[in-house]
Amino acid sequence: MSGGIIRQRFVIPGNDFSTAGEASSTTKKILSQLGVKPQAIKKTAVSMYEAEINAVIHAGGGVADIEIDQEKILVKITDEGPGIPDLEMAMKEGYSTAPDSVRELGFGAGMGLPNIRRYADKLEINTEIGKGTTVEITIYIN
Amino acid sequence: MKVSEIVDILEAEILSGSDQEIDVCSACGADLMSDVMAYVKESVVLLTGLVNPQVVRTAEMMDIKVIVFVRGKKPEEKMIELAMEKGIVIITTKYPMFLACGRLYSAGLTGRGVWD
């Protein structure tokens, strides 16, 4: 990988489960092409995918920005959804506010944020009721 | 265990993918995709009764190369296309989850598919 920084922005469409995951899929492809270690790719792909699904389920979509340099992969998912009223609860495995329609898709079991925390090397969540949420995931390459 | 053996054991039908030489060491039976992402190890076959594009997406993220749909479920054409694009083999079997897992286990696929 050369010395530059790679940046990419994806729009995450809201309430469209057939395309949910496109941004993560493309990011995974970019990382493979750059020759990033498989473990770092998987950590990025899974954590970003869960965050992407969250934006679709809870916030009517959003935007994903990725930034890749020689040391790390930064994924920032920003939405203008309702915000997370109780972040501490939301981080607990099994806690979910997702509707049944989401559960039928194999999600909404309260594993999203815990999974992001499991795979991210660094996780920062900023949320404001009525304004939206930003989830920032950092994965170190080496 | 090779894909071709899985097809034989489950009396199954391949819907996508032609690479029958893919080798798996263990299996994971789950309908909850977040659990698949939380716990699954390398080189597994995923058995599921859930049929939607997010199953293929989850497999893609986890580098799962083989998906078995149980209870005779068949994904729609768009999902099959997505799987083909990602190089994922899709198989459908008439066996229910318990029996499908049991048959693979009895045939020697006994590795743990998930982290402890």
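This is a predicted model: local features need pLDDT of at least 70, side-chain atom pairs count only at pLDDT 80 or more; totals for chains, interfaces and linings use all residues.
**Chain B as a whole**

Five helices and five strands make up the chain. Followed from the N terminus, the elements come in the order α-β-β-α-β-α-β-α-β-α. The radius of gyration of chain B is 12 Å, close to the 13 Å given by the globule rule for 116 residues, so chain B is as compact as a globular protein of that length. Its C-alpha trace spans about 35 × 30 × 25 Å along the principal axes. Of the 116 residues in chain B, 47% are buried. Among contacts in chain B with a separation of 6 or more, 58% are between residues 24 or more positions apart.

**The sheet**

Next, colour the strands of chain B. The five strands form an open sheet with mixed pairing, in the order β1-β5-β4-β3-β2. At the edges are β1 (13-16) and β2 (26-29) of chain B, each of which pairs on one side only. From one strand to the next, the twist averages 25°.

Zoom in on β2(B) and β3 (residues 44-48) of chain B, which pair in the parallel sense over four bridges. Which residue of β3(B) is the bridge partner of B:Ala27? The partner is B:Val45.

**Helices on the sheet**

Then select α5 of chain B, residues 97-106. Helix α5 of chain B lies across β2, β3 and β4 (66-69) of chain B and runs at about 170° to β2(B).

**Two helices side by side**

Show side chains here: B:Pro53, B:Val56 and B:Glu60 of α3(B) meet B:Lys78, B:Met79, B:Leu82, B:Ala83 and B:Lys86 of α4(B). By class, this contact has five nonpolar, no polar and three charged residues.

**Where the chains meet**

Finally, show both chains. Chain A brings 20 residues to the contact and chain B brings 17. On the side of chain A that touches chain B, α1 (22-33), α2 (38-59) and α5 (112-119) of chain A each supply at least two residues. Select α2(A) to see the helix that gives the most to that side, with five residues. The residues on that side of chain A divide into nine nonpolar, seven polar and four charged.

Note on methods: Residues are numbered from 1 along each chain as its sequence is written. Chains are lettered from A and ligands numbered from 1 in the order in which they are written. Two residues are in contact if their C-beta atoms, placed from the backbone, lie within 7 Å. Ala, Val, Leu, Ile, Met, Phe, Trp, Tyr, Cys and Pro count as nonpolar, Asp, Glu, Lys and Arg as charged, and the others, Gly among them, as polar. Two strands pair if DSSP finds at least two bridges between them. Axes are lines fitted to C-alpha atoms, for helices over the stretch in contact, and angles run from 0 to 180 degrees between N-to-C directions. The radius of gyration is taken over C-alpha atoms; the globule rule is 2.2 Å times the number of residues to the power 0.38. A residue is buried if 20 or more other C-beta atoms lie within 10 Å of its own, exposed if 12 or fewer, and partly exposed in between; C-beta atoms are placed from the backbone.
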